Amino acid sequence: MASFLNITSPPFFSSRTSLSPSPPPTLTAQLTQFKGWCWKLKCMPSSGPSQETDSEPPETAPSPSNSASLLSSSSVSTYNWCAGLGGVGFLETGYLTFLKLTNSDAFCPIGGGNCGDVLSSDYAVVFGVPLPLIGMISYGLVAALGLQWSGKKFPFGIEESNGRLLLLGCTTSMAVASGYFLYILSTKFSGTSCTYCLLSTFLSFSLFFITLKDFGLEEIQKFLGLQLCIASVVIFSLNTSYAPLQPAGSSSLTDINLEYFTTEITTPSSPFAISLARHLQSTGAKMYGAFWCSHCQEQKQMFGKEAAELLNYVECFPNGFRKGTKMIKACADVKLEGFPTWVINGQVLSGDQELSELAKVSGFKIEESNQPS
């Protein structure tokens, strides 16, 4: 009984408990650390999401290398377009350059012979250089740059940003020049349809807008002054080149637009004139003239109506005359200095000639009964 009371007595049990040895220090420290960690986990439930958010890496602006790669990928199509359209323009202007240098007639699918009239005019030359040759060089440069840079190859240490700026400058000058020539075509060659001119204008403006689309609004505003400067230089240069074609005080000449017409020969032909005309025809002698030339009409009047119809006469302006129009190829090949011009046995005679002089040069034997009066 006493032992039972000793075992079950609370005071004695509590005294026994207080006398029991405490846990090892290391275990106590671990339990205390574990309870503190649990306390923090229970007391800061709302800070969990923010900690998770903070644990995510912050969003940073794209590095210059990343933006450059994006710029390169977006510009690949631009360079391909420049290479393709520039190549088409190079072929077109190359064909026109060949025609211009060889003084050949241009094939015009629309508008008949109007393409040849424009190509042979004074407006097809800039400072003595054929305009198609300048266009061929420009299109060739754009095509070469686009083809080279489409493979991300930038020679001479050129950075892509500078390359884009170079393309923009080239296409800006080409578009301004095309607009200027379109104005010339509509004012100086009214009613004329030039397929090659319109195609070149389309290609130039297409290249300009394709190149411009890669620039943002801020960049466009930044380079607007440069573009205006390029446009001013192009327009000033073209105006300077064409200034001699528009002399001051002769506005009436610049507005000349003569339709082709024929003048009737009223004088009768003498037997000598008819015989001489037949002889000139048989020897291949040619008379070059213009429908509006009064001296040409006087030369025909010397032969008379019947004999004049037998002559090998070459009209140098069969489609009429307007400012800027040049003579046909057959007349240009002879390098005429005036009208009329005779070519007899390889000898060139300028101006209207007496019938006796024509007979002498051509070797026509004058019979006594057919002496010129």
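The model is predicted, so to speak of local features we need pLDDT of at least 70, and side-chain atom pairs count only at pLDDT 80 or more, while totals for chains, interfaces and linings use all residues. Residues are numbered from 1 along each chain as its sequence is written, and side-chain values use heavy atoms, leaving out hydrogens and water.

Rolling a probe the size of a water molecule over the atoms shows where empty space is left. A pocket here is an open set of points on a 1 Å grid over the protein atoms alone, where a 1.4 Å probe fits, with protein on both sides within 12 Å along at least five of seven lines; lining residues have an atom within 4 Å of a point.

Start with the largest pocket, which holds about 770 Å³ of space (the volume filled by probe spheres set on the points, which are joined across faces, edges and corners). Its lining has 36 residues, and Leu131, Gly135, Ala177, Phe181 and Ser200 lie nearest the centre. The largest share, 8 residues, comes from α8 (helices are DSSP runs of H or I, at least four residues, and strands are runs of E, at least two, numbered from the N terminus). By class, this lining has 25 nonpolar, 10 polar and 1 charged (Ala, Val, Leu, Ile, Met, Phe, Trp, Tyr, Cys and Pro count as nonpolar, Asp, Glu, Lys and Arg as charged, and the others, Gly among them, as polar).

Now for the second largest pocket, at about 570 Å³. Of its 30 lining residues, Gly116, Asp117, Ser120, Lys326 and Met327 are closest to the centre. Here α6 gives the most, with 4 residues.
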